[in-house]
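Dear colleague,

I am handing over the structure that follows, and below it you will find what came out of the analysis. Please read the notes alongside the coordinates.

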Amino acid sequence: MRILTCPAHLQRLEAALRSSLPHALPVYGAVLNINRGNPGDFEVAVDAWPNFGAVLARRRGEAPLNDSYRNLCSAFYRDVGAYRALLESPGCLRWDSAFHILGLQDGVLTVSQDIALAKGVELEVTEYYTYLHPDPSTLPEPQLDPDVQLGTLSPAHVELLNSTWPYGGNVWSRRYLGELLRRFPHLCLQDPAGNLLGWMLTNGFAAGTHGYIVPTQRRRGLMRALTIMAARRAHGRGFPVYGHTATDNRAMQRLLEELGHRRLPGLCYFVLYNPALARAAPGAPPGSNA
């Protein structure tokens with residue numbers, strides 16, 4: 001295993017990952033952020049350099065063993081054997097901690113299952129569809145009612161974000177969402193009194209996340225407007241326009257497809273190691289999936 005720190009090597013990796021899109025999207029997004037100031041404090045591990053077979057993007061430094069939000073990695077491989085060897089390299093992962101690995105290739109799941117069986121580690125797998133817009137310059141102009149204005153989220157909004165996020169509700173998720181607000185682009189819509197109507201965040205892998213419209217404001221086209229504005233901003237910064245959608249969220253899938261996003265073949269796998277430990281996050285409600 002090797003951690004890439006040389007700027008020239010990271011630029012070379014970015015170009016290599018670009019040629020491997022869309023399968024490399026979550027790692028590519030992390031490397032784009034690293035090469036543009038590294039606001040998320042990420043690093044990338046490869047099995048070898050320059051002829052790498054696998055890449056893992058992750059946060060630098062130590063995190064609490066049950067903080068599966070901070071212990072969130074994305075993976076891409078050219079060779080599934082190299083990917084397995086990377087994960088099993090000494091110091092690559094802490095098998096006694098709660099952590100996620102996400103990726104768009106089937107081997108992200110099968111390798112995790114093989115390793116978990118060998119090590120006696122419990123897994124929990126969530127599957128998503130991934131949508132990518134091939135040409136965001138073709139998106140229409142966003143349409144907003146006169147009483148809706150673009151606003152800015154602040155740390156005071158973190159509690160609301162945490163309570164409305166299906167994966168939130170505990171101390172670690174609250175900290176994670178607060179870090180997303182501080183470190184990565186986001187959008188929100190407000191009424192003239194400054195009340196929040198909806199928002200959309202971006203994560204460390206440059207994917208859209210936690211898009212939400214308050215229930216009383218739905219069916220006004222606000223999510224459509226947020227999606228268009230977020231896409232245009234990401235495209236203007238040179239980032240891909242993509243995100244993951246729950247497989248049963250037909251409303252969001254229809255919206256994305258109407259706007260020209262294309263659903264990628266296959267699934268995005270979010271693989272959670274040691275889910276029982278993750279559920280022990282402080283403040284997690286009984287039975288919640290932290």
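In which loop is the place of Leu259? Leu259 sits in the loop between α8 and β12 (262-263), where helices (H or I, at least four residues) and strands (E, at least two) are DSSP runs numbered from the N terminus.

Before going further, please note that this is a predicted model, in which local features need pLDDT of at least 70 and side-chain atom pairs count only at pLDDT 80 or more, while totals for chains, interfaces and linings use all residues. Residues are numbered from 1 along each chain as its sequence is written, and side-chain values use heavy atoms, with hydrogens and water left out.

Leu259 is buried, with a relative accessible area of 5% (buried means under 20%, exposed over 50%, and partly exposed in between, with a 1.4 Å probe and protein chains only). Leaving aside residues up to four places away in sequence, Leu259 touches His133, Leu139, Pro140, Arg224, Thr227 and Ile228, a contact being heavy atoms within 4.5 Å. Gly260, which follows α8, has a positive phi, near 100°.

In helix α8 itself (residues 250-258), Met252, Gln253, Leu255 and Leu256 are the buried residues. Seen down the axis of α8, they fall within an arc of 160°, so they line one face of the helix; the arc is that of the directions from the helix axis to the C-beta atoms. These buried residues of α8 pack against β6 (123-132), α7 (222-236) and β11 (242-246).

The second largest pocket has a volume of about 330 Å³. On a 1 Å grid over the protein atoms alone, a pocket is an open set of points where a 1.4 Å probe fits, with protein on both sides within 12 Å along at least five of seven lines, and lining residues have an atom within 4 Å of a point; grid points are joined across faces, edges and corners, and the volume is the space filled by probe spheres set on them. Of the 18 residues that line this pocket, Arg58, Gly61, Asn71, Cys92 and Arg94 are the closest to its centre, and the elements giving two or more residues to the lining are β3 (54-59) and β4 (72-77).

As for the cysteines, the count comes to zero disulfides, a disulfide being a pair of cysteine sulfur atoms within 2.5 Å. The sulfur of Cys73 has its closest cysteine sulfur in Cys92, 7.4 Å away, which is too far for a bond. Cys73 counts as buried at 5% relative accessibility, and Cys188 is buried at 0%.
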